[in-house]
Every structure is written in structure tokens, then in C-alpha cells.
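Hello,

Here is the structure for you to look over. My notes on its aromatic rings follow below.

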Amino acid sequence: MSATTSTIPDVLVTTYLQMTDENQFRPAFLEGCSGLSVETMEEPDVAFYRFLYSSVGEQWKWRDRLLLAEPELEALLAAPDISVHVLYVGDVPAGYVELAQSDDSTEIAYFGLCPDYMGKGLGKHLLSYGITQAWNNGAKRLWVHTCNLDSPYALDNYIKRGFSVYKVDEQPMPERYL
């Protein structure tokens, strides 16, 4: 049941995961899928990014990036430490992974698939791509967080790729999700 059709819980449970060594990574790329590609967004394209963000995040109640003014979002996307990688099935965008690199760690800031592409193994493929990019770009630590409003398969995907839980935070559900 998706977040849009289910009851919003009273408590927001956020789980933080990390990978501290590349050897912890267990990739799961799809082999032999014709028409599958991942392209890096080379120039900030706010309209396309908002489309991706909304397409992927609407069912999970994503709000943060929609609240940013266009110049603010454009500046964020243009920052040298941010990279957006778009998964295509044929010519159709199916999801994306956004990496935010800092001196001591890289965050998988946003990751997800458009609803029509869920349940086909594309999530593990795209996550594996993002993790590979982070390690190839010199990550010393890779981290991500997920919550009980995200896909019920997200946490399992992160753990299967080699992430381990380092913190769980519980708080009353913020009003922006109600």
C-alpha cells in the first residue's frame, strides 16, 4: 500500500545507514536489459528535476525540494558536490539517484523510481549505480536515510547492497506530512 492510500502514522521513524568501506558493497546490476541506461544530469535543469522529484516522491510525501524557489534549487543543483543520475528505460525517465559529496562522506540524498517502474529490479540496479559512482568519486563513507513513509522495500534494498544501520530516530509525525 503506498503512502498516498495508507494512513499516515503518528510517529516518523527515520533509519540512518552507512557503508564505511567499499568492500561492504554488494552490487546487484541487471544484466542484459536492452534500453536501460543511467545518464548524469550535466547542467542544472530545474523543470526536469522537479518533474523527477515529483514523479518519484509524490507517493512518499516528498516536499523539501518543492518548497525551494527556482534560483535556490538551480544553485543547489549546480553545486560541484551534487550529482544527479537519471535512470532511463528506453527514452523514458524511470527514476534517479542524487549524490551529495562532502570531504568526509557522500550522502545518497534522494533515490527512487517512478511508480510504473517499481517491482522490476530497477531499484537495486539504480542504487548499485549510485553506490559505484560514490566510491569511484572518492567517498570515504557513504550514508543514506530512509523513513517509514518511504517505499516498504527501501530499507531492505539498502541492507542488501551492504549498508548497515547506525541510528534510528523516532519523532512525532511532522505536520508537513499530514
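A residue counts as buried when its relative accessible area is under 20%. By that cut-off, Phe111 and Tyr158 are both buried.

This is a predicted model. Mean pLDDT for the protein chain is 93, with 97% of residues at 70 or more. The exception to note is residues 1-5, where pLDDT is below 50. That stretch still has eleven contacts in the model beyond near neighbours in sequence.

Now the rings. The whole structure holds ten aromatic pairs. One is Phe48 with Phe51, and this pair is stacked. Their centres are 6.2 Å apart, with 20 degrees between the planes. Both residues sit in helix H1 (residues 46-57), three residues apart, so about one helical turn separates them. Phe48 is partly exposed, at 22% relative accessible area. Phe51 is partly exposed too, at 42%.

Back to the buried residues, Phe111 and Tyr158. Their ring centres are 6.1 Å apart and the planes meet at 55 degrees, so this pair is tilted. The pair joins distant parts of the chain, 47 residues apart. Phe111 belongs to strand S5 (residues 106-113), and Tyr158 to helix H4 (residues 154-160).

There is also a cluster. Ring pairs connect Tyr49, Tyr53, Trp62, Tyr96 and Tyr110.

Lastly, charges over rings. Arg141 lies over the face of Tyr166, 5.1 Å from the ring centre. Lys167 has its charged end over the ring of Tyr16, at 4.7 Å from the centre.

Best wishes

Terms used: Residues are numbered from 1 along each chain as its sequence is written. This is a predicted model: local features need pLDDT of at least 70, side-chain atom pairs count only at pLDDT 80 or more; totals for chains, interfaces and linings use all residues. Side-chain values use heavy atoms; hydrogens and water are left out. pLDDT is the predictor's confidence in each residue, from 0 to 100. Contact means heavy atoms within 4.5 Å. Rings of Phe, Tyr and Trp (its six-membered ring) pair if their centres lie within 6.5 Å; planes under 30 degrees apart count as stacked, over 60 as edge-to-face and the rest as tilted. Helices (H or I, at least four residues) and strands (E, at least two) are DSSP runs, numbered from the N terminus. Buried means under 20% relative accessible area, exposed over 50%, partly exposed in between (1.4 Å probe, protein chains only). A charge sits over a ring if NZ of Lys or CZ of Arg is within 6 Å of the ring centre and within 35 degrees of the ring normal.
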